Amino acid sequence: MKIGRNQPCSDESGKNTSDCDIDELFEEMDPPDDLLFPLKSLAQLYLDENPGVLDDFQRQYLEEACSQPYSYFQVIHVEPGKTITLKDLFLPRTYTVLEF
């Protein structure tokens, strides 16, 4: 069975079903791996392709952001209008973010 975009899954009789093989669903949508898992972040690509556009602070900010690993955070404390404390769920670190 060939499934394209915006076409419902169906069984052999043609009856619609929700039991589709995920590989079948994306058979015609096979983007290159570098699009799904880019080696560089969008921020790094911007830095690479636009040298001299940013001031020193903006460039340093993006370079620092690019040097940090991806992670997920849990909010562990909030002082409304002042701070939010975040716990990194992968690494043993916490951050206090100031609100302005």
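The legends below describe a predicted model.

**View 1. Tyrosine 72 and phenylalanine 90 form an edge-to-face aromatic pair.** The structure holds 3 aromatic pairs. In the pair of tyrosine 72 and phenylalanine 90, the ring centres are 5.8 Å apart and the planes make an angle of 85°. Tyrosine 72 sits in the loop between helix H4 (56-67) and strand E1 (73-79), and phenylalanine 90 in the loop between strand E2 (83-88) and strand E3 (94-98). The two residues are 18 residues apart, and their pair links distant parts of the chain. Tyrosine 72 and phenylalanine 90 are both exposed.

**View 2. Phenylalanine 73 and tyrosine 95 form an edge-to-face aromatic pair.** Here the centre-to-centre distance is 5.9 Å, with 70° between the planes. Phenylalanine 73 belongs to strand E1 and tyrosine 95 to strand E3, so the pair ties together parts that are 22 residues apart in sequence. Phenylalanine 73 has 38% relative accessibility and therefore counts as partly exposed. Tyrosine 95, at 35% relative accessibility, also counts as partly exposed.

**View 3. Threonine 94 is placed in strand E3.** With residues up to four places away in sequence left out, threonine 94 touches Ile76, Leu86 and Lys87. A distance of 9.7 Å separates the C-alpha atoms of threonine 94 and valine 75, which are 19 residues apart along the chain. Threonine 94 counts as partly exposed, because its relative accessibility is 49%.

Key. Residues numbered from 1 in each chain as written. Predicted model: local features only at pLDDT ≥ 70, side-chain atom pairs only at ≥ 80, totals over all residues. Heavy atoms only, no water. Phe/Tyr/Trp six-rings, centres within 6.5 Å; stacked < 30°, edge-to-face > 60°. Helix = DSSP H or I, 4+ residues; strand = E, 2+ residues; numbered from the N terminus. Buried < 20%, exposed > 50% of the residue type's maximum accessible area, 1.4 Å probe, protein only. Contact = heavy atoms within 4.5 Å.
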